[in-house]
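Dear colleague,

I am handing over the structure below, together with notes on its confidence, its charged pairs and its aromatic rings. Please read the notes alongside the coordinates.

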Amino acid sequence: LFADQGQSSQLSDAYVAAWRERHAGGQVITRDFARTPMPHLDGATFQAFLTPATQRNAEQQAAVDYSDSLIAELALSDLLVIGLPMYNLGMPSMLKAWFDHVMRAGKTFRYTEAGPQGLLQGKKALVFATRGGTQMAWGGVVGFLLTVELAVMVTLVVLVSRGDIWQ
């Protein structure tokens, strides 16, 4: 919502700037949902994911291609840096929409008898999470991120907020 003025954006931007200094030839892909909103997952898009490629219409294929491009970015990444503000006791819907596009059964995880198993192994994430008031709980956001970490693709999550650090 606040773009460059948001605390989580400032934290993640500072980290990325320092990373660029240490990795002069490194590539950074930026997804700024305040400037370029992420489309939310809807029934038509979810149905496109389920439709066999040979049976998709042009609109369905475009939706799958968009999701596949986000997954390709993630697959090529060594490190994912997320600026995560909490709004209304949860994560912004645009970030959840990104997760909805990249967390796809058969692409980034598969279901097993023991539960979901990640297919993008070895991915690391730094999550710079911020929140407003002191009475807000992290429960739902942390629970969601732990689900991603343990069941899907991310092997390390670090949360930073107001000097608190969890690993």
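The term pLDDT stands for the predictor's confidence in each residue, on a scale from 0 to 100. This is a predicted model, in which local features need a pLDDT of at least 70 and side-chain atom pairs count only at pLDDT 80 or more, while totals for chains, interfaces and linings use all residues. Residues are numbered from 1 along each chain as its sequence is written, and side-chain values use heavy atoms, with hydrogens and water left out.

The average pLDDT of the chain is 80, and 75% of the residues score at least 70. Confidence is highest in α2, at 97, and lowest in strand β6 (residues 164–166), at a mean of 44, where helices (H or I, at least four residues) and strands (E, at least two) are DSSP runs numbered from the N terminus. Over residues 163–167 the pLDDT is below 50, and this stretch has eleven contacts in the model beyond near neighbours in sequence, a contact being heavy atoms within 4.5 Å.

Turning to charges, the whole structure holds five salt bridges, each defined as a side-chain nitrogen of Lys or Arg within 4 Å of a carboxyl oxygen of Asp or Glu. One of them joins E73 and R31, at 2.8 Å from N to O; because E73 lies in helix α3 (residues 58–76) and R31 in the loop between α1 (7–22) and α2 (43–50), the pair ties together parts that are 42 residues apart in sequence. E73, at 21% relative accessible area, is partly exposed, as that class lies between buried (under 20%) and exposed (over 50%), with a 1.4 Å probe and protein chains only. Another salt bridge links D100 and K96 at 2.4 Å, N to O, and these two, four residues apart in helix α4 (residues 93–102), are separated by about one helical turn.

As for rings, three aromatic pairs were found, the criterion being centres within 6.5 Å for Phe, Tyr and Trp (its six-membered ring), with planes under 30 degrees apart called stacked, over 60 edge-to-face and the rest tilted. Y15 and F128 make a tilted pair, with 5.7 Å between centres and 45° between planes; Y15 is in helix α1 and F128 in strand β4 (residues 124–130), 113 residues apart. W98 and F99 have ring centres 5.1 Å apart and planes at 75°, so their pair is edge-to-face.

Best regards
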